[in-house]
Amino acid sequence: MSRARAPSRGRVGRASAPYLLVLPSILFAFWIIGYPIFDMAQMSLQTVNRFGATSGFNDFGNYSRLFSHQLFLGCLYRTLVWTVFVVGGTVLLSIPIALALNERFYGRHLARVIIMLPWAVSLTMSGIVWRWSLNGQFGMVNATLNQFGLLTEPVEWLATANTAFPIEIAIGILVSIPFTVTVFLGGLSSLPADIFEAARIDGATPGQRFRYLTLPLMRPFLNIVLVLNFIYVFNSFPLIWVMTQGDPANSTDILVTWLYKLAFRYGELGVASALSIVMFLILLALTITYAALAMRNEERMG
């Protein structure tokens, strides 16, 4: 009996070895990620002064102040608008760009380098350049439009929410395209060419090949792009902060810029901690929901 059990124990040991090897890394990652979240959650339930010193639990006082704040719903709404439009616009524009760059043409490698170059520029620098370009007095945008006769007087593009927030959304799309195109190009290069050639020989139009072959095969890369861009854009701070700092009158504030103001401008660290936990829960819930829907869709197709 002992001889019969020895091989099974050996198999169990070999099967568990990979998990034991990665266990220290997993525990370290959980500590790196989990401790700040735990500390922030603990701070959100305490009375905190502007210097970060806590003076006892206040139950859910910080959360009640947060949810009753006059700016909370507006910032939440703008955050959702900002995220949906930037991510959606980025994906819709990146797909045809990636398809074009995936074709064989003279100068394709140079075109790929050009489309990826903005990725090397920090968002802070991009925001500074666009803020200068949109300046109402000496900005390049006004000067160009005036030269072509499209403007009769200077426009303060970033002075009102009606123009500032849509412009920030458009710039957010532009700075998100290089990463998304890079992911899509990696996916397109991995697709089998023989099935596309067979579909072309069978008479399938480019639109049909895109709808019935490219999109289904690119779904895993599309899922990656949507999840990563959603998290990245939802927490995107530099662009809006550099261009308008959430002004005028908090009309371009999203949750992350308002969080910065609460913590470092107004000294309300308790409310800021509560807001950070709310943002974390929103992202976690939406990511889990999307992942579950994507997995269910793949199971149905499989």
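**Ground rules.** I am reading a predicted model, where local features need pLDDT of at least 70, side-chain atom pairs count only at pLDDT 80 or more, and totals for chains, interfaces and linings use all residues. Residues are numbered from 1 along each chain as its sequence is written, and side-chain values use heavy atoms, with hydrogens and water left out.

**Overall form.** I found 13 helices and two strands in the protein; these are DSSP runs (helices H or I, at least four residues; strands E, at least two), numbered from the N terminus. The protein is more spread out than a compact globule, because its radius of gyration is 25 Å, well over the 19 Å that the globule rule gives for 302 residues. That radius is taken over C-alpha atoms, and the rule is 2.2 Å times the number of residues to the power 0.38. I also noted that the C-alpha trace spans about 85 × 70 × 30 Å along its principal axes.

**Cover and contacts.** How much of the protein counts as buried? I got 33% of the 302 residues, where buried means under 20% relative accessible area, exposed over 50%, and partly exposed in between (1.4 Å probe, protein chains only). Next I looked at contacts (heavy atoms within 4.5 Å). Of those with a separation of 6 or more, 66% come from residues 24 or more positions apart.

**Helix H12.** I turned to H12, which covers residues 255–265 and is mostly covered, with eight of its eleven residues buried. Among the buried ones I listed Leu-255, Trp-258, Lys-261 and Ala-263.

Which residues does the cis peptide bond join here? I traced it to Asp-247 and Pro-248, with omega about 5°. Pro-248 sits in the loop between helix H11 (238–243) and H12. I reminded myself that most residues other than glycine have a negative phi, and most peptide bonds are trans.

Gln-245 belongs to the loop between H11 and H12, and its phi is positive, near 55°. I checked its cover as well: Gln-245 is partly exposed, with a relative accessible area of 32%.
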